[in-house]
Amino acid sequence: MALLMEKGSKPTTDSEVSDLEGIAALKQSTAVELKEQGNQYVKMGKKHYSEAINCYTRAINQQALTDSETSLLYSNRSHVNLLLGNYRRAITDAEEAIKLCPSNVKAFYRAAKASLSLNLLSEAKYFAEKGLELDSSNVELEKLVRQISALKMEQDKQQAEINKALAVAKDLVSAFGDRGLKMGKAMYRELTGLKKPVLDKNKIMHWPVLFLYAEVMYSNFIEDFCEMDTFSMHLDMMYSESSPPLPWDTENNYTREEIELYYEVGSGVCLPETKVLQYLLEGTAGANIECEKEEKDTSEHGFSRGCILLPSLLFTCPLF
């Protein structure tokens, strides 16, 4: 009797052959019936999608259909998973369908849709274009390719902006190292916003510098203070005879001869390189990226060039 045969053994009698053929026919009939039941459940709406998946799964497990027919079962299950938002499972089922039948256009379409939903644009583009190769007049695939291409172009543009911002920030961090500078937390952000140091084409650094007039609670902000400049150069311009009088200095106490400038270095805790990099990326396209390499914390004090707090009220350069 065929039911008592050991796994992997071959039938030796006509009776066993007949029994095996009957079992195969029964399993095939069951698989077809389960497939039709699954299709009906899909038509009945979302409340019955899980039952549809169960039917397709049981049909697949019968292992009684041809590769082409089984490919349709995987493709159908991919469709239901796609409707349920199970995008990873939808991709997996679509890929199984494609392995069994490389000409299954619907499987390529569903793999592309699921990949797009996960923002896997390269994968989505691959599946959609492969599907179009099989059916060049498929309107839905053509529409999908255009949509994916537009999103891919925008994604590539954003990535280029992120790469540019990251490169600029890394160049600045490298320049700090070349100059022996250690960086601290930004100060007076409410007055300076997101202004940061920049390197010009000649690799000369330009700093944002904040002047505070503590006695009158007033400030001046120099956005571009070249590292080759001195404070005296800026003070000469700010308090020259040709400069307009300070509107808040009604008694004319602040003159070039009378003003005294104080600055401080080496105060505060210096930040590790990754923290400085994150600060420099604020307000740029790369603001949300995570710096992978964690550098050693350099919180020591007393560096030869001091700890600069950005934007730079505390700045190491000669006064006169």
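**Helix packing and a hairpin**

Trainee: Does α2 pass α3 in a left-handed or a right-handed crossing?

Mentor: This is a predicted model, in which local features need pLDDT of at least 70, side-chain atom pairs count only at pLDDT 80 or more, and totals for chains, interfaces and linings use all residues. Residues are numbered from 1 along each chain as its sequence is written, and side-chain values use heavy atoms, leaving out hydrogens and water. Helices (H or I, at least four residues) and strands (E, at least two) are DSSP runs numbered from the N terminus. With the near helix turned anticlockwise from the far one by less than a right angle (clockwise would be right-handed), the crossing of α2 past α3 is left-handed.

Trainee: Which orientation does α2 have relative to α3?

Mentor: Helix α2 (residues 49–61) and helix α3 (residues 67–84) pack at about 155 degrees, with axes 9 Å apart. Axes are lines fitted to C-alpha atoms over the stretch in contact, and angles run from 0 to 180 degrees between N-to-C directions. Angles over 145 degrees count as roughly antiparallel, so α2 relative to α3 is roughly antiparallel.

Trainee: Which residues of α2 make the contact?

Mentor: Contact means heavy atoms within 4.5 Å. The α3 side includes L73, Y74 and R77. The α2 side is Y49, A52, I53, Y56, T57, A59 and I60.

Trainee: Which residue in the turn between β3 and β4 has a positive phi?

Mentor: Strands β3 (residues 205–213) and β4 (residues 218–226) pair (at least two DSSP bridges) in the antiparallel sense over seven bridges. They form a hairpin with four residues between them. The turn residue with a positive phi, about 55 degrees, is M217.

Definitions and conventions
Parallel < 35°, antiparallel > 145°, perpendicular 65-115°, else oblique.
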